[in-house]
Amino acid sequence: MTYHAPIDDILFQLRLSAGADAFAPDGLLAELGDGVLERTLAEAAKFAESTLAPLNRIGDRVGVRFADGEVVTPPGWREAYANWRDSGWNALAAHPDDGGLG
């Protein structure tokens, strides 16, 4: 089974929740206007679909364990986290001066 992120549903809900003017140039979420929100969600969907979703099965089967004072994750999870971090997703909410979108 292949996972496809429901981008259209997410966009609909975000726009509905934020309000019609939130993404306007003078709106509360203006920095997400001009397609930034759509492009960001599209990239997040690619990561979820290609990197995270395939790990669900092994994560369910193997699980996480604590051994010798260390957390041991299923195969692939450490690499997925490193990919997420190295791609900058952990800094997305950081202040723009620090490389984030605020």
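How are α2 and α4 oriented to each other, roughly parallel or roughly antiparallel?

**Entry 1. Basis.** I am working from a predicted model, in which local features need pLDDT of at least 70, side-chain atom pairs count only at pLDDT 80 or more, and totals for chains, interfaces and linings use all residues. Residues are numbered from 1 along each chain as its sequence is written, and side-chain values use heavy atoms, with hydrogens and water left out.

**Entry 2. α2 and α4.** I looked up helix α2 (residues 36-52) and helix α4 (residues 77-86), which pack at about 160 degrees with their axes 11 Å apart. Helices here are DSSP runs of H or I with at least four residues, numbered from the N terminus. Axes are lines fitted to C-alpha atoms over the stretch in contact, and angles run from 0 to 180 degrees between N-to-C directions. α2 and α4 are therefore roughly antiparallel, a term for angles over 145 degrees. I noted the contact (heavy atoms within 4.5 Å): F47, T51 and L52 of α2 meet W77, A80, N83 and W84 of α4. These residues divide into five nonpolar, two polar and no charged.

**Entry 3. α1.** Helix α1 covers residues 7-18, twelve in number, and I find 16 Å from its first C-alpha to its last, close to the 16 Å expected at 1.5 Å a residue. The expected span is 1.5 Å times one less than the number of residues. Just after α1, G19 takes a positive phi of about 105 degrees.

**Entry 4. α1 and α2.** I next recorded that the axes of α1 and α2 come within 10 Å and cross at roughly 140 degrees. That makes α1 oblique to α2. On the α1 side the contact involves I7, I10, L11, L14 and R15, and on the α2 side L37, E38, L41, A42 and A45.

**Entry 5. Salt bridges.** I searched the whole structure and found three salt bridges, each a side-chain nitrogen of Lys or Arg within 4 Å of a carboxyl oxygen of Asp or Glu. In one of them, E38 pairs with R15, the closest N and O atoms being 2.3 Å apart. E38 lies in helix α2 and R15 in helix α1, 23 residues apart.

Terms used
Helix = DSSP H or I, 4+ residues; strand = E, 2+ residues; numbered from the N terminus. Parallel < 35°, antiparallel > 145°, perpendicular 65-115°, else oblique. Nonpolar A, V, L, I, M, F, W, Y, C, P; charged D, E, K, R; others polar.
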